[in-house]
Amino acid sequence: MYKNFRANLISDNTFKIIITVSAIYILIIVSLLITKLFFESYPIWHANGLSFIVNSDWNTIEGRESFGALPYILGTMITSAIAMAIAIPFSIGIAMFVSYTPQKLHVFLNFIIDLLASIPSIIYGLWGLIIFRPIFIKSVEIPIHDMLGKHVWLFSGIPMGLDIITASIVLSIMIIPTISSVSREIIKSVPIQQQEAAFMLGATEWEIFKLAIFPYSKAGLVGASILGLGRAVGETMAITMLIGNATGNFALPKSLFQAGQTMSSIIANEFIEAPPLSLHLSALIGIGLILLLFAICINIIAHILVIRMLKVQEGSINT
């Protein structure tokens, strides 16, 4: 008896040590990333200060260097927001549909969703550039521009297909499988008794989701959406191929039919060309630091939202 108790105690202490070391390891890696990026980008912060974040100039000519990250921060935020606005309703709808399909179709659709989620982003970029872009220009961009371009500033650019709206739509297509895959598992985890109780009360399938499934799983659905947002914010190759890659003031988002650029795409486009130890390279690394902090803030906000929703759920259950 004593031996078993001692063995269990040793196992518990070993487990605590392992998870503590793992948590410390994660904190060390994140701290090292932030520290390294800060020191490598120090010249741009020393030269421009926080004005680097709000400036829009981008001149790489030696002796006349001028760098600002504002167009790329706004480009990242706008493309991610449009992609999420499109992706979230479709993703939750797909997850709901898959949850109610017969078993054979359920397995097939799960396989397709997981397959789409694992496709490399450059494949989506090639598909968007070669197939989606020509169709989208003729059937959407040109008609909308001809109808509203002179009156609505959002559609006032030149419809070329290499712009913010094209990149955002392809980005939404990319993150739909990720969000729907996680949402599907969250919906499946809802106790079947809740669904059966709503069904016995005469609820339709939509009412079952609204009254029995959504209140129980909304915290998880928010987490799944934030997971998709994290992929959208950091997406590089597909965005680089479709957004037009404007720089400086030309990249400031003024129209959905205008070429732009995101933080990840400007790094991918210019990092190799930037001379070592130059202010240009420091500016690109500074944008990488902003992108990392941006991603960390998104995850912190998501964590706070999920905790608050869980507390509300616990309070409603207890009452």
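This is a predicted model: local features need pLDDT of at least 70, side-chain atom pairs count only at pLDDT 80 or more; totals for chains, interfaces and linings use all residues.

Reader: Where does His280 lie?
Author: His280 lies in helix H12, which covers residues 279-318.

Reader: And which residues is His280 in contact with?
Author: Leaving aside neighbours within four places in sequence, His280 is in contact with Trp58, Thr60, Phe67, Glu270, Ala274 and Pro275.

Reader: How far is His280 from Glu65 in sequence and in space?
Author: The two are 215 residues apart in sequence, and their C-alpha atoms are 7.5 Å apart in space.

Reader: Let me step back. How many helices and strands does the protein have?
Author: The secondary structure comes to 12 helices and 2 strands. From the N terminus on, the elements run α-α-α-β-β-α-α-α-α-α-α-α-α-α.

Reader: What are the dimensions of the box that the C-alpha atoms fill?
Author: Taken along the principal axes, the box is roughly 75 × 60 × 35 Å. Buried residues make up 39% of the 319 residues in the protein.

Reader: What share of the contacts joins residues at least 24 apart?
Author: Among contacts between residues at least 6 apart in sequence, the share is 72%.

Reader: Now a helix, please. What span should H5 have, and what does the model show?
Author: Helix H5 has 16 residues, 103-118, and at 1.5 Å a residue it should span 22 Å. Its end C-alpha atoms are 23 Å apart, which agrees.

Reader: Which residues of H5 are buried?
Author: His106, Leu109, Asn110 and Ile113 are buried in H5. They cover an arc of only 105° around the axis, which puts them on the same side of H5.

Reader: Why would residues with such spacing share a side?
Author: An α-helix has 3.6 residues a turn, so residues three or four places apart point the same way.

Reader: Which exposed residues are on the face turned away from the buried side of H5?
Author: That face carries the exposed residues Lys104, Phe111 and Ser118.

Reader: What covers the buried residues of H5?
Author: The cover includes helix H4, residues 70-99, and helix H7, residues 164-188.

Reader: At what angle do H4 and H7 pack?
Author: They pack at an angle of about 35°, and their axes are 6 Å apart. The crossing of H4 and H7 is right-handed. The residues of this contact divide into 19 nonpolar, 7 polar and 1 charged.

Reader: Could we look inside H7? Is Ile175 buried or exposed?
Author: Ile175, which is found in helix H7, is buried, with a relative accessible area of 0%. Apart from neighbours within four places in sequence, Ile175 is in contact with Ala83, Met84, Ala87, Gly228, Arg231 and Ala232.

Reader: What is the phi of Asn245 here?
Author: Phi of Asn245 is near 60°, a positive value in a residue other than glycine. Asn245 is found in the loop between helix H10, residues 237-242, and helix H11, residues 263-270. At 27% relative accessibility, Asn245 counts as partly exposed.

Reader: What about the phi of Leu277?
Author: Phi of Leu277 is near 60°, again a positive value in a residue other than glycine. Leu277 lies in the loop between H11 and H12, and at 87% relative accessibility it counts as exposed.

Reader: Where is Glu273, and is it buried or exposed?
Author: Glu273 has its place in the loop between H11 and H12. Glu273 is exposed, with a relative accessible area of 62%. The C-alpha atoms of Glu273 and Leu291, 18 residues apart along the chain, are separated by 20 Å.

Notes:
Residues are numbered from 1 along each chain as its sequence is written. Side-chain values use heavy atoms; hydrogens and water are left out. Helices (H or I, at least four residues) and strands (E, at least two) are DSSP runs, numbered from the N terminus. The expected span of a helix is 1.5 Å times one less than its number of residues. Buried means under 20% relative accessible area, exposed over 50%, partly exposed in between (1.4 Å probe, protein chains only). The arc is that of the directions from the helix axis to the C-beta atoms. Contact means heavy atoms within 4.5 Å. Axes are lines fitted to C-alpha atoms, for helices over the stretch in contact, and angles run from 0 to 180 degrees between N-to-C directions. A crossing is left-handed if the near helix is turned anticlockwise from the far one by less than a right angle, and right-handed if clockwise. Ala, Val, Leu, Ile, Met, Phe, Trp, Tyr, Cys and Pro count as nonpolar, Asp, Glu, Lys and Arg as charged, and the others, Gly among them, as polar.
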